[in-house]
Amino acid sequence: MNYHEFFRILSGGQNPYPYQARLVAEPWPETLEIPTGLGKTMAVVGAWLYRRLSNDPTTPRRLVYCLPMRVLVEQVQRTINTWLAAAEPLFRQQGLESPTVHLLMGGETQDGWAAQPESVAILVGTQDMLLSRALMRGYGMNRSLWPVHFALLHNDAFWVFDEVQLMGTGLTTSVQLEAFRRTFALGATSRSLWVSATMHQEQFATVDFRPYATSMVTLGLAADDRQHPRVNKLLNAAKRLIQATSSLTPDTGRQNAKVYLDALAAEVAKAHRPGSTTLVILNRVDRAQGLFDRLAKLCSSVERLLIHGRFRPAERKAVEAKLRQAPLPTGRILVATQAVEAGVDMTSATLFTELAPCSSMVQRFGRCNRYGEEECGQIFWLDITENEDLAQPYDLATLDTARQLLMGLTDVDTGSLPSLPPEERVGGSVLRRQDLLDLFNTDPDLSGFDVDVAPFIRDQDQPGVMVFWRGFDKEPDNNEPAPQRQELCPVSLGQIKQFLKKTERLAWNWDFLAGDWQKTDSRQLMPGMVLLLRAADGGYDQQQGFLARVTAAVPLVPMIDLTANGGYDSDNRSVENDFVLLSRHLDQTVAAMTSLNESLALSPTERKALLLACRWHDGGKGHAVMQNTLTRCLPDGDERKNVIWGKSSCHGKHQRPHFRHEVASALLWLAQGPQSELQDLVAYLILAHHGKVRLSLRALPLEKEPPQAGQRFARGIWQGDILPAMALGDGVTTQEAVLSLAIMEMGEGSDGPSWTARSQGLLRQQGPFRLAWLEALVRVADWRGSAHESTGEQS
Amino acid sequence: MTHTLTLAGCGPVPLANYLKALGILRLVAEQADVKAKGWWAGNVFLLESELDRQALCRFFWEQYRPTPVATPWNGGSGFYPKDNKIALLALQSSKLKRFTLLNQVLEVGQTQVTAFGLKESPDKNAKYRFLQALRTVLPDEALAWLDAAVVLTGEDLRCPPLLGTGGNDGRLDFSNNFLQRVVTLLAIDKEGATADGVRFLPNALFGEVVPLLSSGIIGQFSPGGVGGPNATSGFAGGSLSNPWDFILMIEGALTFAAAATRRLQGGGGATMAFPFTVYPTGAGSGQATLADEKPARAEMWLPLWNSPAEYVEVRTLFAEGRATVGRRASRDGLDFARAVAALGVDRGIDAFQRYGFLMRSGLAYLATPLNRVKVKRNQAVDLIQDLDRGGWLSRLQTLAGANESPHRLRLVVGGLQDALFTLTRDGNPAAVQEVLITIGQIHHYLAHSPGSQEKLPPVPRLSSQWFSAADDHGHAFRLAAALASLHAPGLPMRAHLFPFDRRLWQWDKEKNHLAVWRQGPLLTNLLAVLERRFREQQRRGLPEKPFQGAFGADLAVISAFLAGNVDDDRIANLLSGLVLVEPLEKPLPRRNIKPQPLPASYLLLKPIWVADDILHQQAFLATDRSLPIPVAIIPRLRAGQVDAALKLGWQRLRSSGVTLPAGKCPQGITPDGHRLAAGLLVPLAFGEVGKLCRRLALKSSPLFSESSSNQVGESL
C-alpha cells in the first residue's frame, strides 16, 4: 500500500498535501516548518504510523508528542485516536500490534505505557510533563517511577515538539537533550522533530547541538504545496485587522480593569454576528473571568464559553465538547486566554485579542477565518500601554515591538504576514551535560526535597501546582484516595498563594516518606506539587475555573478509581496477593525478561546482565525482616514459615522502618555472584529495581539504628545481618551470607571500591540513557513476573 | 605499578593546603591516572597513583593543562580595558597544546564581553544575564569554575563564600592571579616549566623548604599568609607565597562546583546551596559568641577521610555535602554538626575540619581554622529532630535574633545553642540534661511573655527517648524524672509549670489556675503543686489520688532528697525540661543503690499519697477500704507542724484499718514540713511502695519507739 492510499484511509478520503507525502518519501527531517492549519499533526503522525507499518528502522517505536500547553493535549489525543482506529486493521493485517495513545498530564495515572517498553505507542503530553520526565524529575508522578519514564523517553523515542515558538526555554532543553542523545550511548535509537509555522535555525545552535545544527534538514512548503487549492485557500483566507476602541491603560485598568472590561464587553457584544463564533483572547485569566461575567448580562441569549488553563479536566472537557458542535443561530462567544493560541483547531468570524508578542499574535490570527470559511474575518486588537503590571505575563518592550508591527498592517491573511524575527528570550537556563548527569541521581530527593527543574522547562510563567478538592471536615484522612486526573486543576503559584491568604484555608501535600498528608504553607510551595484542598474552602467555580475569591463549596468530581496514595515504601505494582516461593518469583521474572529480550534488539552482553539481575534481584528477600513481614499473618507453627517466600498475602510495615530488601540483594550478589566484568552493572540493576536506592547508598533520616555503636546501617540493612542459604531457581544457590555494608563508605575498603565509585564508574561507562534503559527493563520484568503469579498464569 | 606519595605540603590546615590536596587529586585523576586515589592520614594527604615522586613533578611541569579559569564578569579579570592583561596576552600568544582549552575559554569570555558591549564589569543587574549567557556557551570543562564561583538559581545570583564574591576577594581577582601564576610557572613558548616552576613545585607538593618568592597574594585561604591577626596560625615552615600553592588551591576549589541537584533545590537560605558550607553559629567553637553571628559570613566543614578514594567519590561526596538534617537542609553550624553525625558516619568520614570565614580583618574575609570535629555516631543527636518539628528551633532562633528581642531570651537561646552543640559532639547524659534544662528555661520565659507566645508555640512533643538519653542514674535526674511523670486525667505535671493546651499544642490564652509554679525555691513550688493537685482531686471528684507517676523513684532518691543531699536547683531545672517530654513507655532501669535510712515521718505519711488501688495490690489496705488524704494535713505541713501532720496521718491509717507498728505516733523533727511535703509528692516505683508497706506492716518493729531519733533504724 502506498502512502496516498494509507493517508486516505486515515483521513477519511483526503489526499495528502505534497509536503505530507514528502515526509514519508524522504528521510526524517529535523524540523518541519508549515503554517498553521495545514495538517502538521496529521503529517507527522501519519508518516510515523506508515513508517512503523513498513518497519522503517529509522522510526522509533514511541512517538512522543510534546505540546507547549495543556489545553491542546486532549484534543490531539482525540484526533490521533480517530486515525488510529482507521489504521488498526492495517496493522492487524501485517500481524503487528496496533499502537496505543497515552496522555501524560498532571495526575495521569495510566502509566501502562511505561510497563510496555516493546509496544508501539504514542505519548501525548505537555512540555511540563514530558520534559520534567526527560530530566528525571517527572511532575505529578510517583518518584520511584522516574527512572522508568526517563528511560522510555530517551530510548526508542521519536520526540515531536509541536508549536516550538511557544516553548521558550523548553526548546533549548529539547535541543540539548537531543545533542546528549547523540553523544551518550542509547539502548535503542531515538530522534527529534521540531514543528512550527516559523522556525529560527539559530535557536538550534546551542552549545552542544551546534555541531549538528549545520547539517539539520528542514522540510517546508514547496511550490507544489502552494499551488494546491486547499493550501492556497488557507494561506489567503482574508482577515482584516482593526484596532479596537477599548484599550487597557493605567486609567481603564484600575480596580481589576473595571472600566476596560465594561467597555470591552459592550464592544464585543456589538461586534458579534449571530450564527458565527466570536473569539476573545485576553492575556490574563482574571480578565477573562471578568469579561465572561459581564457578557452574561449583555448577551444572555448567546452561548458563552470560557476556556483557560485553570480548569479541572472534568469541566474543561464539557467546554471542549460544546466547542466541537456548530454554534446556535444566535452564535457563540468564546472567551479565552493564550491557552487557545496553539493547536486548538477552531475558527472564528470575529476575533478580539489583547496585544501580545508578535509570534503569539500570528498564532491568534490563525484562529480567525482559519479555513477561509468566511469572506473576510474581522480581527480587533486591544492595546495595552504604559504599565508593566498590566503587560504581564509579557513585558512592555515586547508589546511595544508587537504594536509597531500591527500599526502598519490591515490585512493579515497567513500568506501575506511578514516573517518575524525570533523573540529575545528572557531568563531560562541551558541544560548542560553535567547537569543531566547530576539529575540522573534521584537519591538525595528521597529525603523529601524536590529538585526544581522548572528553569529548564519554562522561562516565564513558572509551572504551577495542581490542586484538587475533597469533602472532609478538618483534616484529611491518610486513606484519602490519590487524586484522579479528572479532578486536578492546574494553578499558578501566585494564585494558590492568593487562595491561602485567607487564614482558615489550608492545603495538604502528600508526604511520601512519612506516608501522610502534610499541611503546606505558602513558603513550602514548589512547582509540580499536588495539593489537596478542602471542598468547603471554595476556590473554584464550574463555569469560571479556579477563582480564589469563590467561597461556596466546590462540587466534587465523581470518583472512579479509588486507590490510596502509594507511600514511599510501598510499591503497589509489585505487591501481590498470593504466597509465591522466592525461587518461583525469580523464575517468572527471568522468563519475563527472556521474552522481553526477544522483542527488543539487545546485545548479548546486555542480555546477560539483565538475566543475571533478574535471577538475583530478590535474593535479599531471604532477610529475616522481610520473611517476617511476609509470614506475619500466618499462625505460629504454620509450616509455611519454614520456606523462603518471594511474595505473600500478609501485609504491614517492616519491623525496621525503611527496610529495602534490594540492598540486601545487591550485597548478596556482590559477595556471591559469579565474578565478571558485569558485576557492578548487575549489582546496580538489582539495587535499583524499585527505583528507591540507586547511585547512593545511605541511611535515611529517622531510620531505626542498630543497637551497637559504630555498626553500619542503611535502608534497614545492618552490618552483620545474615541471609540464609537459598535456592534462587534454575540451580542457582547461595551460601549463608553475612552482609557487609563496607561499600557504603567512601574509599576503597574491605569489600573493594565503594558503591559511589562503582556506580559513578557505571554511569561514565554506560551513560545515563542506556543505564536507565537497562534499569527500566529489569523493573518491567519484575512487574511482569509478579503479574504472572497473581493471575496464576504459567510462563 | 602504583606508588603512594606523602604530600606533606597538603595538610587539612590552612584551607589553602586542604584545597591544594583536592586540586592535586583532581588533576592527576583527570589528566594522568583515572584510578588515582587520595586520603588523609593525620596532617598529611596521601596520593596513590601510577606516578612516583619524580613522575608527579614531571606531570605538573610538562603535561598539566591548567583548568580554564576565567571570570569575565569581574573587574580586574583581564577582560576590561583598565585590567592587568599581562598574563592573558602572554597565554594567548602561546601555541602550546596545554593552553588550548584555556585560550578557547578566554576567547569565549572576550566574545561575550564584546557581545554585551561591556566597557567595564557588568553591574549587579546585568551580571546575572551576563553569567547566564556565559553559562550557555562555555565549554563543559570551564563550567566547574563558574559553578564554583557563582550559583545562578532560578532568579538570582549567589556567591559561595569559598570563592569570595564570585571569584574575587576584595580587589583580588582569583582568575587573573591564577593566570599570572600559570605564566610564572609554566613556559609559554616551549613544553615544560620555567625555572621557578621547577624550583617551587617540591615545596608545594612535599613541603620541602625552598627560598620564598616575595610577591603574590593568596587571599582568604591562608590567613597566615596575609599577615592579619591570625598570622601565626597554619603553615609551619612552608612558603607563604609559593605560586604553585595558589594554582593548586584554585584547581581544588573547583571541587565545590554546585551540582545541578543542589543548584535547583527549592527552599530558603542562600548559603545552603553550597557544599559543606553553612551559616555561622556562635556556639561551640569557644572562639565566637552570639555577637559574632552577623559579621561572620559562613562556615565550612571540610571532610577528612582515611580510605583511598577516587576523585569521582570526592566529587560525589561534595555533591552530597549539602547536608540534610532529618528532612530539611542544614542551615547553620549547629545543624551541620547534626548532619555530620549522619553523612560522616554513612560515608566513613573520619573528621571534619571546621573553618569560619570571619570578618576580622577589615574587608578581607579570612578562613579561620576552627576546631576539628571527630565523626562518630551519636544517637542523642537525633533527639534534636524533635525540637525541629514544624521548624520550631529555627523559629526560636529567629525570635531571639530579632532586633527587639530581650537580653534574657538571647541569653537562654544562646545557652541552648551551646548545649545543642555540645550534644552533637558527645551525646552523654550530661549534655542531654543541659539541653533539657535550657529548654525548660526558655519555656519559663515564654510562659510569661504573651508577645513571644504569639510568635512561637511550645516546643514540639519530645519523645520519651529524652528520658533514657538524659538518665545519668543520678539522684537529681531520677527525682526530677519521677516528678515530671506525675499524671492524672487532665492533670499532667507540665500543667503546673507551663500553661498550654496539650491537644492543640498552643499556649493557653486564658490564665490557667493549674499553673502554680513561680520563680522561687523548689520546695515552695512543689508544695504548691501538692496543694493544687489535692484540691483538684476534691474539686473534680477524682476517684483516685492524683499522685501517681509513669515512672516512680526509688527510696534511695527519697532518702537523699529528704536529707537535703540533692541539689534542689538542679532538680527544678531538670524538671522544667522533663515535663515537656512524652511519658515513658517503660520505666528507666532500676538502680542498685542502698538507701540511707528514711525518716519515720515520711515512712508513715507516704502511703496516704499512694493510690488505693496500689495499696490494695500490696495488701497494705483491705480491698474494701480506702485511704483518703486528710484535708487538714497539707496546711499542717505548710505551717511546718510536722507532728500535727503525723498525727493526722496516724489517725487516718488507723481508721482505714491499717495495722500500724507498735508504739505511739512518732514525732517529727526532720525534715521540715516543706521538704517532707515535697518528698511525699514524688511518686514511688511500685516495688518501692511494696518495701515501704512491708516495713510499716512489721508490727513488732521498734520503728517508732518514742525515743528513736525518728530515723528508720535499718535500710529498706
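## The parallel sheet of chain A

In this predicted model, strand 12 (residues 350-354) and strand 13 (residues 377-384) of chain A run parallel to each other and are joined over five bridges. Within this pairing, T353(A) has W381(A) of strand 13 standing opposite to it. The two strands belong to an open sheet of six strands in chain A, which follow one another in the order 8-13-12-9-11-10 with parallel pairing. At the edges lie strand 8 (239-248) and strand 10 (303-307) of chain A, each of which pairs on one side only. From one strand to the next, the twist of the sheet averages 15°.

## Helices packed on the sheet

Helix 11 (residues 254-271) of chain A packs on this sheet, where it touches strand 8, strand 9 (277-281), strand 11 (332-336), strand 12 and strand 13 of chain A. The direction of helix 11 makes about 145° with that of strand 8 of chain A.

Helix 16 (residues 396-407) of chain A also packs on the sheet, touching strand 8 and strand 13 of chain A, and the direction of helix 16 makes about 140° with that of strand 13.

## Nonpolar cores

The largest nonpolar core holds 118 residues, and those touching the most other members are W159(A), W194(A), F440(A), Y684(A) and L697(A). Helix 24 (residues 755-791) of chain A gives the most to this core, contributing 14 residues. Apart from this core lies another, made up of 114 residues, including L555(B), V566(B), A572(B) and V682(B).

When neighbours within four places in sequence are left aside, Y684(A) is in contact with F440(A), R694(A), L695(A), W755(A), L762(A), L771(A) and E775(A). Among these contacts, F440(A) is itself listed with Y684(A) as one of the core residues that touch the most other members.

Strands 2 and 3 of chain B form a hairpin in which two residues lie between the strands. In the turn of this hairpin, G42(B) has a positive phi of about 60°.

Definitions and conventions
Residues numbered from 1 in each chain as written. Chains lettered and ligands numbered in written order. Predicted model: local features only at pLDDT ≥ 70, side-chain atom pairs only at ≥ 80, totals over all residues. Heavy atoms only, no water. Core = buried A, V, L, I, M, F, W, Y, C linked by side-chain atoms within 4.5 Å. Buried < 20%, exposed > 50% of the residue type's maximum accessible area, 1.4 Å probe, protein only. Helix = DSSP H or I, 4+ residues; strand = E, 2+ residues; numbered from the N terminus. Contact = heavy atoms within 4.5 Å. Pairing = 2+ DSSP bridges. Axes fitted to C-alpha atoms, helices over the stretch in contact; angles between N-to-C directions.
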